[in-house]
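Below are some notes on the model, as numbered points. Please read them with the structure open.

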Amino acid sequence: MEKVPKKKVRRPVSGRTVLLLTLCACVAVGGAVFFVRSLSKPLSIPESADSIMLLSRPNEEVASVVIAPRDSVAYPLIRQGDGFVLQGQEDVPLRASIMEEITLSLGKVPAEAVVLTELNPAQGLTMAAFGLEPPQARISITYQDGETRELLLGDLAPNEDRPQRYCMVAGDPRLYTMLEADSTVFFHEMEYLLAFDQPAIDPSLLKRIEVTGGVVWQADYTPSGWQMEKPFRYPLSLTRMDALLNRIENIGFEALLGDEASVDLSAYGLDAPEVTVRLTQAATMITGETEDGQQVSFPLPEQEFLLKLGKETGKSGVYLSWEGKVFKASNFLLGFWKTLNPRDLVLLNPVNLQVNDLDEVRIEAPGISAAYAVRMVESVTENNQIATDEYGQTLYDMAVRRAGETDDMDAESFAAWYTNLVSLSGDGTLPEGFTLSGESRAAVILTNSHLTRTISFYPFDALHDAMAVDGVALFYIQKERVDQILSTIP
């Protein structure tokens with residue numbers, strides 16, 4: 001996500017001094033040539049040149065411009081009203097922000113410094129030595145009165161404090177630098193100018209995420225949180241899924257390359273995508289207000305978005321297809337799909353259901369069999385009125401009844417025990433390839449209206465149990481923690 005060298009008064013010198021100065025000059029020239037060839041030391045940048053303008057006419061006087069980055073196709077822009085359009089594609093909409101940036105950059109552009117008053121090929125000081133032959137970018141401008149100017153942009157100059165780029169103006173023998181930030185706009189590829197809509201994904205409405213190809217993963221949203229269905233069934237961490245959903249919400253593209261039907265998909269690796277992502281967004285109701293203040297609403301049906309990731313661009317980017325169009329995007333924003341590891345998203349503490357999301361909790365172990373029915377009942381005040389909060393919403397209390405009994409038990413003692421049960425989490429990851437064997441030492445079964453989750457504990461070593469969730473064991477846990485839960489059953 002800014003001075004022309006001053007002449008110095010010369011004083012007479014002796015013949016011996018002239019000889020010494022000549023020798024020193026030879027050494028200095030040799031050092032300069034060495035830098036140009038090896039770039040091992042920074043070239044001394046002379047005084048600044050605030051008064052020197054590389055481009056010095058108002059941008060509204062520009063009739064057309066051809067921008068030719070070395071590594072991509074040159075493209076001509078012609079004036080249309082207050083801005084520019086692609087010549088021959090005048091009806092193609094362009095990105096307003098990028099075109100405004102280009103338009104402003106065609107006006108007065110100052111040089112940051114004068115490096116050399118002229119080049120000297122005999123000393124190795126050639127245009128090629130500074131990345132100017134061929135140039136990294138060539139900008140050819142034609143003004144309304146017919147005048148033309150050509151700006152050549154070369155390599156970056158070795159200046160870390162104020163990043164600069166070597167440049168020249170056609171017909172001017174001097175070598176300049178300009179701020180790199182002022183040159184960036186001239187390195188955009190033509191496709192970068194094409195207008196498109198960025199993805200608009202509402203993560204709060206996502207109900208399913210499916211990934212196939214190099215990564216196989218599926219997650220479904222349930223009233224009790226996200227549940228992984230592939231490559232195995234396991235509850236997912238709320239915190240880690242929130243982080244993933246945030247990345248999904250913020251995915252964005254750099255440039256539109258065209259419709260799938262109009263481009264060579266194989267050139268971008270999209271004929272056989274490395275990863276395919278299918279996002280399903282639940283139906284919802286959109287509400288708003290008309291200009292006259294009338295409240296309106298309309299249903300938005302379930303939507304499905306298809307993302308395909310292809311080859312790397314070689315510039316920290318990736319080619320992709322989104323909803324039938326081909327784009328380029330930054331790996332920073334999209335590359336995470338290729339490195340997605342399902343195990344990084346799983347829940348460490350599988351007893352994560354809130355008490356108001358419980359119907360039953362059962363404990364099964366040798367010599368132990370207990371079941372607790374949990375329900376929420378309206379809270380009643382001392383004067384036998386239904387309790388409400390400050391917004392008038394009814395308040396509820398938890399009621400618990402142990403199986404086989406006719407009266408409710410002490411809810412507070414159950415809540416304290418259940419809090420310890422919720423705190424159970426893996427202490428470490430089981431070895432790769434570990435499989436369960438034998439009988440479980442104990443099992444906790446959680447049930448509500450839409451799921452039954454079984455957390456079982458199998459002997460692992462002298463101090464630890466393997467903890468399996470619905471038959472999938474990923475973590476081990478200290479035996480004494482499990483024993484403490486069993487010994488304190490209310």
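**Notes on the predicted model**

1. Thr276 has a relative accessibility of 18% and therefore counts as buried; buried means under 20% relative accessible area, exposed over 50%, and partly exposed in between, with a 1.4 Å probe and protein chains only. Thr276 lies in strand 16, residues 275-281; strands (E, at least two residues) are DSSP runs numbered from the N terminus. Beyond four places in sequence, Thr276 touches Glu210, Val211, Thr212, Leu306, Leu307 and Lys308, where contact means heavy atoms within 4.5 Å.

2. The model is predicted: local features need pLDDT of at least 70, side-chain atom pairs count only at pLDDT 80 or more, and totals for chains, interfaces and linings use all residues. Residues are numbered from 1 along each chain as its sequence is written, and side-chain values use heavy atoms, with hydrogens and water left out.

3. The protein chain has a mean pLDDT of 87, and 90% of its residues reach 70 or more; pLDDT is the predictor's confidence in each residue, from 0 to 100. Over residues 1-49 pLDDT stays under 50, and the model has 48 contacts beyond four places in sequence for them. Where pLDDT is low, the predicted coordinates should not be read in detail.

4. What is the size of the largest nonpolar core, and which residues have the most contacts inside it? That core has 101 residues, and Trp217 and Trp337 have the most contacts inside it. A nonpolar core is a set of buried Ala, Val, Leu, Ile, Met, Phe, Trp, Tyr and Cys residues joined through side-chain atoms within 4.5 Å. A second, separate core of 10 residues includes Val115, Phe130, Ala157 and Leu175. Leaving aside neighbours within four places in sequence, the contacts of Trp217 include Glu210, Val211, Pro231 and Leu345.

5. There are 15 aromatic pairs, counted where rings of Phe, Tyr and Trp (its six-membered ring) have centres within 6.5 Å; planes under 30 degrees apart count as stacked, over 60 as edge-to-face and the rest as tilted. The ring centres of Phe232 and Tyr234 are 6.3 Å apart and the planes are at 90 degrees, so this pair is edge-to-face. Phe336 and Trp337 form a tilted pair, with 4.8 Å between centres and 35 degrees between planes; both residues are buried. Ring pairs also link Phe196, Phe253, Phe305, Trp322 and Phe327 into a cluster.

6. Two arginines lie over tyrosine rings: Arg57 over Tyr143, 4.3 Å from the ring centre, and Arg95 over Tyr192, 4.6 Å from the centre. The rule for a charge over a ring is NZ of Lys or CZ of Arg within 6 Å of the ring centre and within 35 degrees of the ring normal.

7. Arg401 lies in strand 24, residues 396-402, and is partly exposed, with a relative accessible area of 30%. The C-alpha atoms of Arg401 and Ala373, 28 residues apart along the chain, are separated by 5.3 Å. The side chain of Arg401 reaches the backbone oxygen of Thr406 at 3.3 Å.

8. Some backbone angles deserve a check. Most residues other than glycine have a negative phi, and most peptide bonds are trans. Cis bonds join Glu133 to Pro134, with omega about 0 degrees, and Lys230 to Pro231, with omega about 5 degrees. Phi is positive at Glu323, near 50 degrees, and at Asp470, about 50 degrees. Glu323 is in the loop between strand 20 (317-322) and strand 21 (325-330).

How values were computed: Helix = DSSP H or I, 4+ residues; strand = E, 2+ residues; numbered from the N terminus. Polar contact = N/O pair within 3.5 Å; in protein donor to acceptor, adjacent residues only side chain to side chain.
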